[in-house]
Amino acid sequence: MNTITEAPTSASVDPVFLQKSTSSSSAPSPTSGNFSSAPTIVNQPPPSPTAAHLPRSMTEGSPLLLRHEGGLQAWLVVLGSFLIHSFVFAPTEYIFGIFEHHYLTIFPDSSPSSIAFVGSVGSAVTYLAGFLAGIVADKFGFRLTAMTGSVIMTVALIAASFSTEVWHLYLTQGVLFGIGASLAYYPAIAAPSHYFSRKRGLATGIAVSGVGAGGLILAPLTNSLIGHFDVYWTLRILAFICIFLCGGASLLISESKEHYASKESIEDDVDEKPENSINSDKSFFEALKVFKDPQFLSLSVAELAASIGFLIPLYYMQTYAVFIGLSTEKGALILGLTSGASLTGRVILGLISDYVPNSYALLFCSWATALAIVVLWTIARSFGMLLLSGLLFGFFGGGYLSLVPVAVADSFGTMQMASTIGLMYAAGGLGMLAGAPLAGFLLDITKPNISYLPVTLTAGGTLVLGAVGVTSWFMFNRRARRARKAAAALRADSS
């Protein structure tokens, strides 16, 4: 049987390596028939008594060590994730402003805030439902979960096309679409990490860049469809696009077979398992035990705080441009270039994190994103300064979004990644639900002498709090790595 020791690793490589014993040839792994060329992969041995009080992330590394890095199937998974990302946030965030304008015409008795709440509910439910969607994905499989989500999103858009009251939109384009988007999103965000270790940052960055690409394509397409048909038929056409695009992409989403080979090896080759060893059939209440881990708590607090301020620049930077005397065209240009910078940052910073420890890259991005708002946006009084603020916010904010899933994989492994990141992002859903309305309230109370200072300070301040949370995670992560290295050295000495 193969035995395991643990070696010091970089942030982007799973901290597991194999050391063969003399008995390995006489005790083949039960999975060796399917993976004869792959080394047996097992979980770490039980932690030493001195480390028994530590959380799982300090006593276990990621249980996944890939025989092959990438490959055709792996990149097809990234493609599927990219395509799902390109649609799931569009009807509630990136193209909702187009619908909002026309909904105000269809429902003239409704206020702009009541219409805007449709998109806010849909976006918030996408994240809030993550605490269940992730567990469902880990329990029943990524492909089935993502396909189910695609069907629900399609039904939601078709149902929205028959709405006769605003509250119908709350239930359809809001709640129902959000549930479907959540079921499709969490398998999509988790799947690339199953196939990549050394290039995990690049793969995840390419996958999440689909959000920006989808917004760039679907916004003009939706506007054109409404011009040629109407809002209701546009929703039906988008429903067809959803089942074709997301449903087809769901067929590309899957867990790694080697990932499950490693799980079988854990069950077959380890006689004495740690109390907190990873179980493929983790229940809902067992999944909640991750809240005891300081790394998870610090990242969750960071998500909650940063999500409050993250959407405020996207919602209010264009109106701020007009407030300081710029034209609406220049304001729209700044917002468009900010989205483009976000798309670029997701890929480039994801790639950089494969060569620079991901923990350092995420820490830098969190503070750069915060300072771009709390300092540059607050003092911006010209086109150039506001553009610089938007570009830096978009670039490093996009990198921040692509690096958080990598941090989750590095800290907690990949075998229950969908449920772990789903629980974490649920906190972000609360922040997104509150951020934009809070900024609107702060802007209203400054009337008649309107001031954007409370808005910029709120956005920047919450992003700073998010950066503080990431800093806490960074410190706990370093402590965890040191604990794992010490445990590995102790096991090596005892052997």
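How are α6 and α8 oriented to each other, oblique or parallel? In this predicted model, local features need a pLDDT of at least 70 and side-chain atom pairs count only at pLDDT 80 or more, while totals for chains, interfaces and linings use all residues. Residues are numbered from 1 along each chain as its sequence is written, and side-chain values use heavy atoms, with hydrogens and water left out.

Helix α6 (residues 130-140) packs against helix α8 (residues 166-190) at an angle of about 55°, and their axes lie 9 Å apart. Here, axes are lines fitted to C-alpha atoms, for helices over the stretch in contact, and angles between N-to-C directions run from 0 to 180 degrees. The two helices, α6 and α8, are therefore oblique to each other; angles under 35 degrees count as roughly parallel, over 145 as roughly antiparallel, 65 to 115 as roughly perpendicular and the rest as oblique. The crossing of α6 with α8 is right-handed, a term used if the near helix is turned clockwise from the far one by less than a right angle. Gly130, Ala133, Gly134 and Ala137 of α6 meet Ser182, Leu183, Tyr186 and Pro187 of α8, where contact means heavy atoms within 4.5 Å. This contact of α6 with α8 has 5 nonpolar, 3 polar and no charged residues. In this scheme Ala, Val, Leu, Ile, Met, Phe, Trp, Tyr, Cys and Pro are nonpolar, Asp, Glu, Lys and Arg are charged, and the others, Gly among them, are polar.

The axes of helix α10 (residues 200-208) and helix α18 (residues 383-412) come within 8 Å and cross at roughly 140°, which makes α10 oblique to α18. Their crossing is right-handed. Arg200, Gly201, Thr204, Gly205 and Val208 in α10 touch Ser402, Pro405, Val406, Ala409 and Asp410 in α18, and by class this contact has 4 nonpolar, 4 polar and 2 charged residues.

Attention now turns to a loop residue. Phenylalanine 107 sits in the loop between α4 (96-106) and α5 (112-128). With 10% relative accessibility, phenylalanine 107 counts as buried, that is, under 20% relative accessible area with a 1.4 Å probe, protein chains only. Leaving aside residues up to four places away in sequence, phenylalanine 107 touches Ile115, Ser163, Thr164, Glu165, Val166, Leu169 and Tyr232. The C-alpha atoms of phenylalanine 107 and threonine 164 are 8.6 Å apart, although 57 residues separate the two along the chain.

For the protein as a whole, buried residues make up 57% of the 495 residues.

How values were computed:
Helix = DSSP H or I, 4+ residues; strand = E, 2+ residues; numbered from the N terminus. Buried < 20%, exposed > 50% of the residue type's maximum accessible area, 1.4 Å probe, protein only.
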